[in-house]
Amino acid sequence: MKVTCSGRKVSLKPSFIEKAEARLAKLDKFFQEEASAQVTVTVEKSGHTVEITVRGEGLTVRAEKAADRMEDALDAAVDLLIRRLVKNRKRLGDKLTKAAAPELPAEEPEEEYDVIREKRFSVKPCSTEEAILQMNLLGHNFFLYRNVEDGQVQLVYRRNDGNYGVLIPEG
């Protein structure tokens with residue numbers, strides 16, 4: 001697995017990068033060789049946040065953890081990634097390597113996805129700024145809309161840091 005490490009508001013020490021590569025090497029059994037991992041460390045007043053995104057063939061897994069020390073946050077994020085893979089091993093099926101299937105522990109029971117509500121609504125054309133305004137007026141954390149410029153369906157959402165993001169489908 002190819003591991004890329006970067007820091008926001010911090011320069012990463014070689015020892016941390018080596019530790020990240022060693023910890024993420026444990027995920028090699030789950031992913032094909034073409035998989036890549038992006039580790040981003042952010043330093044804030046409240047502590048260190050480590051965000052890990054692993055992209056394999058047809059599969060993306062992400063974890064984010066915060067701690068007082070970046071090494072502790074890294075350990076917690078890698079553990080979270082492994083728990084997510086183990087918990088959803090049956091659903092992932094062919095997306096995991098064949099070698100990983102027998103090695104996955106059966107600790108956690110398979111959970112059902114129950115859709116408890118279905119809501120239909122019209123997707124009106126508007127700009128991203130109008131969508132953010134509408135989302136805030138509704139008190140939601142996300143808002144689905146059709147972009148007035150290109151007619152494409154997009155989703156605007158509120159991020160944990162208070163900023164906004166837009167999901168734009170490809171293709």
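User: What share of the contacts between residues at least 6 apart in sequence join residues at least 24 apart, and what makes a pair of residues count as a contact?

Analyst: In this predicted model, 36% of the contacts in the protein chain between residues at least 6 apart in sequence join residues at least 24 apart. A pair counts as a contact when heavy atoms lie within 4.5 Å.

User: What makes β1 and β4 the edge strands of their sheet?

Analyst: The sheet is open and has 4 strands in the order β1-β2-β3-β4, with mixed pairing. Within this sheet β1 (2-8) and β4 (59-67) each pair on one side only, and that makes them the edge strands. From one strand to the next the twist averages 15°.

User: How do you know that β1 and β2 are paired, and in which sense do they run?

Analyst: Two strands are taken as paired if there are at least two bridges between them, and β1 and β2 (residues 36-44) share 7 bridges, in the parallel sense.

User: How does the span of α1 compare with the expected one?

Analyst: With its 12 residues, α1 reaches 16 Å from its first C-alpha to its last, which is close to the 16 Å expected at 1.5 Å a residue.

User: Why are the buried residues of α1 said to line one face of the helix?

Analyst: Those residues are Phe-16, Ala-20, Arg-23 and Leu-24, each called buried because its relative accessible area is under 20%. Seen down the axis of α1, the buried residues fall within an arc of 95°, so they line one face of the helix. Their cover includes β1, β2, β3 and α2. The face turned away from the buried side carries Pro-14 and Glu-18, which are exposed, a term that stands for over 50% relative accessible area.

User: What percentage of the residues in the protein chain is buried?

Analyst: Of the 171 residues in the protein chain, 32% are buried. The chain has 4 helices and 8 strands.

Technical notes. Residues numbered from 1 in each chain as written. Predicted model: local features only at pLDDT ≥ 70, side-chain atom pairs only at ≥ 80, totals over all residues. Heavy atoms only, no water. Helix = DSSP H or I, 4+ residues; strand = E, 2+ residues; numbered from the N terminus. Axes fitted to C-alpha atoms, helices over the stretch in contact; angles between N-to-C directions. Expected span 1.5 Å × (residues − 1). Buried < 20%, exposed > 50% of the residue type's maximum accessible area, 1.4 Å probe, protein only. Arc of directions from axis to C-beta.
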